Amino acid sequence: MDGALSFISENIVMIYILVLAIFLGMEVISKVPTVLHTPLMSGANAISGVVIIGAIWLIRNADPDNYFVLIIGFFGIAMATINVVGGFAVTNRMLEMFKKKKKK
Amino acid sequence: MKDPTLDFLYLIAIVLFVVGLKGQSHPESARRGNLMAASGMILGIIITLFYPFGNTPNNYGWIAGGAALGGVIGYFAAIKIKMTKMPEMVSVFNGFGGACTMLIAITEFKTLPPGTELMSGQVLIIIFSLFIGSVAFSGSMVAYGKLDGFLRDSIRLPAPQIFNALLLLAIIVLGGYIMSLDQVHYALVLVLLGLSLIYGVTFVSPIGGGDMPVVISLLNSFTGLGAAGAGLIYGNQVMIVGGILVGSAGTFLTILMCEAMNRSLINVLIGGLGATTLSSADSKDKVVKEVTHGDTAIMLKYAKKVMVVPGYGLAVAQAQHACNDLENMLEKEGVQVKYGIHPVAGRMPGHMNVLLAEADVPYDKLLEMEDSNSELPTTDVVLVIGANDVVNPAAKTDKGSPIYGMPIIDVEMAKNVIIMKRSMRTGYAGIDNPLFYGDNSKMLFGDAKDTLNKLKTELSNV
């Protein structure tokens with residue numbers, strides 16, 4: 001328990017960021033109309049691919065002989081990239097359809 | 001990873017995420033918002049790629065290989081996918097994001113320096129990320145299977161709730177045990193990984209296919225939390241804020257979907273609806289009135305106000321374009337056409353709106369549930385296309401009904417209701433719909449697209 005508590009006090013700024021980001025997220029997202037919930041979800045989903053940063057960091061700091069980390073990191077990056085590229089691209093495709101105001 | 005320049009550039013990336021998401025609040029600014037969020041992501045990635053963290057081996061070849069592979073797959077999937085398949089796609093993408101978190105957490109255990117105190121917040125977060133990333137991954141894959149139809153609802157454990165509770169308990173105990181040891185016992189970490197993956201499967205599998213909008217939203221928020229957890233591991237603000245924003249978005253949509261069905265999240269997760277099998281004995285003696293395409297076309301032509309209420313059937317039949325054509329023909333005749341969209345119509349939040357937008361229906365014609373209901377008493381004809389549970393009046397009248405209390409689009413209030421359905425089969429909730437036997441209801445059987453095309457032909461002949 002002491003370990004957990006000291007972790008909190010050592011990382012107090014991070015934890016503030018975390019807590020405030022929760023409120024910020026709720027505030028920003030509650031304004032989104034129903035019409036846009038699918039693009040919101042796929043756009044947000046693309047942002048969750050931000051975990052790719054962790055995978056990049058992991059590989060950059062890995063020993064070039066440590067194939068375990070390299071291979072796992074490789075798949076991590078591949079999957080996260082699918083999430084990021086695919087997510088933003090498909091969201092853009094959807095939103096383009098909303099942009100066309102009047103037909104014909 | 002502490003450095004003034006790095007921190008500053010990450011700050012810009014975070015601001016781009018937030019402003020980008022905020023842009024999503026209006027159709028006009030949404031596309032720009034999405035591009036801003038994407039550029040925030042690119043900025044974050046580039047900084048992480050090239051920023052010197054001291055003398056690191058870099059291994060750029062491995063990074064480039066992974067990114068190229070993922071980029072090509074992701075891009076082609078995104079431009080090829082049919083709009084009706086969006087829920088499946090979001091599930092798969094979401095699962096991959098979760099998988100990345102899971103993989104990072106696994107390697108973190110491998111790279112902990114020997115002699116690290118395991119009973120620490122750091123290790124707790126790694127375990128949390130491992131768990132939530134795995135659940136998001138395997139859960140999303142099951143959700144994908146259910147949406148795509150290759151996994152059926154009928155595959156269920158005898159007592160899923162008890163099994164899941166015990167499994168979750170086992171995971172917590174194992175996690176605690178790993179932390180209590182003197183050094184990392186890697187085999188146990190792999191057992192934890194296995195149990196977490198199984199939990200994702202058993203967590204999603206009892207939930208009915210019709211509740212997938214809730215599940216996708218929830219899994220999306222899990223992936224966000226996983227990314228935020230990984231961000232805490234590295235002390236990386238972009239990952240924390242990005243992950244939490246996604247977590248909030250997912251949670252918000254989850255709550256919204258539950259409210260739209262008037263069910264608690266727990267109720268959805270237990271899978272109550274999918275399990276109910278109701279006898280429809282009391283409706284056996286009732287008869288439905290069928291209507292011909294010609295009569296429907298005449299009714300539509302001489303109506304002043306028509307409302308279309310679409311459901312998943314419209315998506316399955318890919319009927320959105322035919323629907324828009326019919327709308328255009330009616331508008332030429334001076335008929336006012338609007339769309340009434342229920343929040344849980346389709347298989348993901350806002351699914352119907354995207355489909356209709358694809359068919360060039362302007363978004364100001366899409367009414368939300370409350371607005372639809374206030375317009376219905378003055379509406380002459382309602383066309384229910386492939387929707388069932390969201391227009392079921394049992395939700396208001398039948399206390400014994402599993403969907404009792406769910407807000408519905410009250411199509412009964414309109415003068416005439418035409419229900420397009422393939423057959424008399426029940427909707428996802430598996431319950432009978434008294435609407436079909438109503439005095440002003442008529443059934444028009446057939447595939448939604450065929451029916452709409454026939455209506456178009458009839459309409460041009462009238």
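In this predicted model, Ala30(B) has 27 C-beta neighbours inside 10 Å, and it therefore counts as buried, the cut-off being 20 or more. Ala30(B) is found in helix α2 of chain B, and, leaving aside residues up to four places away in sequence, it touches Leu36(A), Pro39(A), Leu95(A) and Phe98(A) as well as Gly23(B) and Gln24(B). Gly20(B) lies 10 residues from Ala30(B) along the chain, and the C-alpha atoms of these two residues are separated by 7.9 Å.

The contacts of Ala30(B) with residues of chain A lead on to the contact between the two chains, which takes 102 residues from chain B and 83 residues from chain A. On the side of chain B that touches chain A, the elements giving two or more residues are α1, α2 (27-50), α3 (60-80), α4 (86-111), α5 (121-148), α8 (212-234), α9 (237-261) and α15 (351-358) of chain B. By class, the residues on this side of chain B divide into 58 nonpolar, 37 polar and 7 charged.

Within chain B itself, the assignment gives domain 1 (1-80), domain 2 (91-274) and domain 3 (281-461). The centres of domain 1 of chain B and domain 2 of chain B, taken over C-alpha atoms, are separated by 24 Å, and the contact between these domains takes 7 residues from domain 1 of chain B and 8 residues from domain 2 of chain B. Helix α1 (residues 4-23) of chain B gives the most to the side of domain 1 of chain B that touches domain 2 of chain B, with 5 residues, and that side has 6 nonpolar residues, 1 polar residue and no charged residues.

The next feature to follow is an open sheet of 6 strands in chain B, whose order is β3-β2-β1-β4-β5-β6, with parallel pairing. Its edge strands are β3 (366-367) and β6 (441-445) of chain B, each of which pairs on one side only. Strand β4 (residues 381-385) of chain B is largely enclosed by the rest of the structure, because 5 of its 5 residues are buried. In a regular strand the side chains alternate between the two faces of the sheet. In β4(B), Val381(B), Leu383(B) and Ile385(B) point one way while Val382(B) and Val384(B) point the other way, and all are buried.

Which strands does β4(B) pair with? Strand β1 (residues 305-310) of chain B runs parallel to β4(B) and is joined to it by 5 bridges; here Val309(B) stands opposite Val384(B), and Pro310(B) has Ile385(B) as its bridge partner. Strand β5 (residues 416-421) of chain B is likewise parallel to β4(B), and 5 bridges join the two, with Leu383(B) standing opposite Ile418(B) in β5(B).

It remains to consider the confidence of the prediction. The model scores ipTM 0.88 and pTM 0.86, and chain B averages a pLDDT of 87, with 94% of the residues scoring at least 70. Over residues 273-282 of chain B, however, pLDDT stays under 50, and for this stretch the model has 16 contacts beyond four places in sequence. Where pLDDT is low, the predicted coordinates should not be read in detail.

Key
Residues are numbered from 1 along each chain as its sequence is written. Chains are lettered from A and ligands numbered from 1 in the order in which they are written. This is a predicted model: local features need pLDDT of at least 70, side-chain atom pairs count only at pLDDT 80 or more; totals for chains, interfaces and linings use all residues. Domain bounds come from an automatic or database domain assignment. Helices (H or I, at least four residues) and strands (E, at least two) are DSSP runs, numbered from the N terminus. Ala, Val, Leu, Ile, Met, Phe, Trp, Tyr, Cys and Pro count as nonpolar, Asp, Glu, Lys and Arg as charged, and the others, Gly among them, as polar. pLDDT is the predictor's confidence in each residue, from 0 to 100. A residue is buried if 20 or more other C-beta atoms lie within 10 Å of its own, exposed if 12 or fewer, and partly exposed in between; C-beta atoms are placed from the backbone. Two strands pair if DSSP finds at least two bridges between them.
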